[in-house]
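Please read the briefing below alongside the sequence and the coordinates. The points are grouped by topic, so that each can be checked in a viewer.

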Amino acid sequence: MKKKLISGALLFSITIYGQVGIKTDTPQKSLHVNGSLQITNELNVGGDASKAGSAGSAGQILVSQGAGAPPTWNSLQGLSGQSSIAFNVFSTGKSVNGSTTFNSIPGLNYTYIAPADGVLLIQANVYTALGANSGSGSLVFSNTQIAIKVNGTETFFGMSTPIGSGNPPAAMNPETTVIIGKINVTKGAAYAFDVVAKDVYKFSGTTGAYAGTFNWSTYSSQSSIVATLITN
């Protein structure tokens, strides 16, 4: 059952179920507007019979929460698919140089507390080079395994084979190893990251490689670990 009310140039259609249609005889929702809508004051969402809904804050936009739920006001950085730098830290020294067990690279450790649910993309950029006393006159090498620990467990791996000669110092020829990984994170949870390295093979007569900072003459570089959060 419908009732039609004509007021000026507007046509209202009211069904027996309490649905109101403007410029439509078949309203599909409690209020169905077949045309444009102009709001000259605030727009409130949510609320109930005893309190008004929220008008949000300046700069926020409405985000759907799905069928049957009111939309919510969100800041732009809180939207699905938005990304932001989670952290970016640099090495403060070097480690390994002959070690056959994993050692932390100084400075490349960080405890991250996720501000939102999402996916954390992690990238470690690690410089390795042979020690200055690795030999003289011929090329030598050492295989260095690098890993990113997540909460104490080696999770992502890479391998470096720096090559150099004894004169000039082998440390003049560093190699950069890039390790990339991703993990799911939960809002409020803590995640401890640590970049570690060890020598898995040394050519006869070499002292092994080091990982972390690279310094020779006027040249210097730092290893780093950077993470980007993509929110759900």
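What follows is a summary of the chain as a whole, and then of selected residues and their surroundings.

The model is predicted, and its secondary structure comes to 19 strands and 0 helices. Of the 232 residues in the protein chain, 34% are buried, and the accessible surface comes to about 13400 Å², of which carbon and sulfur atoms hold 53%. Among the contacts with a sequence separation of 6 or more, 65% are between residues 24 or more positions apart.

**The nonpolar core**

- The largest nonpolar core contains 27 residues, and those with the most contacts inside it are L120, I148, I183, F193, V195 and I225.
- At least two residues of this core come from each of the strands β7 (83–90), β9 (103–113), β10, β11 (140–150), β14 (175–185), β15 (190–202) and β19 (224–231).
- As general background, nonpolar side chains in soluble globular proteins tend to be buried together.
- L120 belongs to strand β10 and is classed as buried because its relative accessible area is 0%, under the 20% limit.
- Beyond its neighbours within four places in sequence, L120 is in contact with A86, F87, Y112, G181, K182, I183, V185, F193, A227, T228 and L229.
- The C-alpha atoms of L120 and I183 are 5.4 Å apart, although 63 residues separate the two along the chain.
- I225, with residues up to four places away in sequence set aside, touches F87, N88, V89, L108, I122, Q123, A124, I148, F193 and V195.

**Aromatic pairs and charges over rings**

- The count of aromatic pairs comes to 3.
- In the pair of F87 and Y112, the ring centres are 5.8 Å apart and the planes are at 50°, an angle between the 30 and 60 degree limits, so the pair is tilted.
- This pair links distant parts of the chain, since F87 is in strand β7 and Y112 is in strand β9, 25 residues apart.
- F87 counts as buried because its relative accessibility is 4%, and Y112 is likewise buried because its relative accessible area is 7%.
- The rings of F87 and F193 also make a tilted pair, because their centres are 5.5 Å apart and their planes are at 40°.
- Because F87 lies in strand β7 and F193 in strand β15, this second pair ties together parts of the chain that are 106 residues apart in sequence, and both residues are buried.
- F87, Y110, Y112 and F193 together form one aromatic cluster.
- Two lysines are placed over aromatic faces: K94 lies over the face of Y210, at 4.2 Å from the ring centre, and K198 lies over the face of F102, at 4.7 Å from the ring centre.

- T128 is placed in strand β10, which spans residues 118–130, and T128 counts as buried because its relative accessibility is 0%.
- The side chains of T128 and S160 are joined by a polar contact of 2.4 Å.
- With its neighbours within four places in sequence left aside, T128 is in contact with T144, I146, S160, P162, P174, E175, Y210 and A211.
- N125 also lies in strand β10, and its relative accessible area of 19% is under the 20% limit, so N125 is classed as buried.
- A polar contact of 2.8 Å joins the side chain of N125 to that of Q123.
- Apart from residues up to four places away in sequence, N125 touches T177, V178, S223 and S224.

**A glycine in strand β9**

- When neighbours within four places in sequence are left aside, G107 is in contact with V89, F90, S91 and T92.
- The C-alpha atoms of G107 and D194 are separated by 8.8 Å, while the two residues are 87 residues apart along the chain.

Terms used
Residues numbered from 1 in each chain as written. Predicted model: local features only at pLDDT ≥ 70, side-chain atom pairs only at ≥ 80, totals over all residues. Heavy atoms only, no water. Helix = DSSP H or I, 4+ residues; strand = E, 2+ residues; numbered from the N terminus. Buried < 20%, exposed > 50% of the residue type's maximum accessible area, 1.4 Å probe, protein only. Polar contact = N/O pair within 3.5 Å; in protein donor to acceptor, adjacent residues only side chain to side chain. Contact = heavy atoms within 4.5 Å. Core = buried A, V, L, I, M, F, W, Y, C linked by side-chain atoms within 4.5 Å. Phe/Tyr/Trp six-rings, centres within 6.5 Å; stacked < 30°, edge-to-face > 60°. Lys NZ or Arg CZ within 6 Å of the ring centre and 35° of its normal. Areas by Shrake-Rupley, 256 points an atom, 1.4 Å probe, with all protein chains shown as cover.
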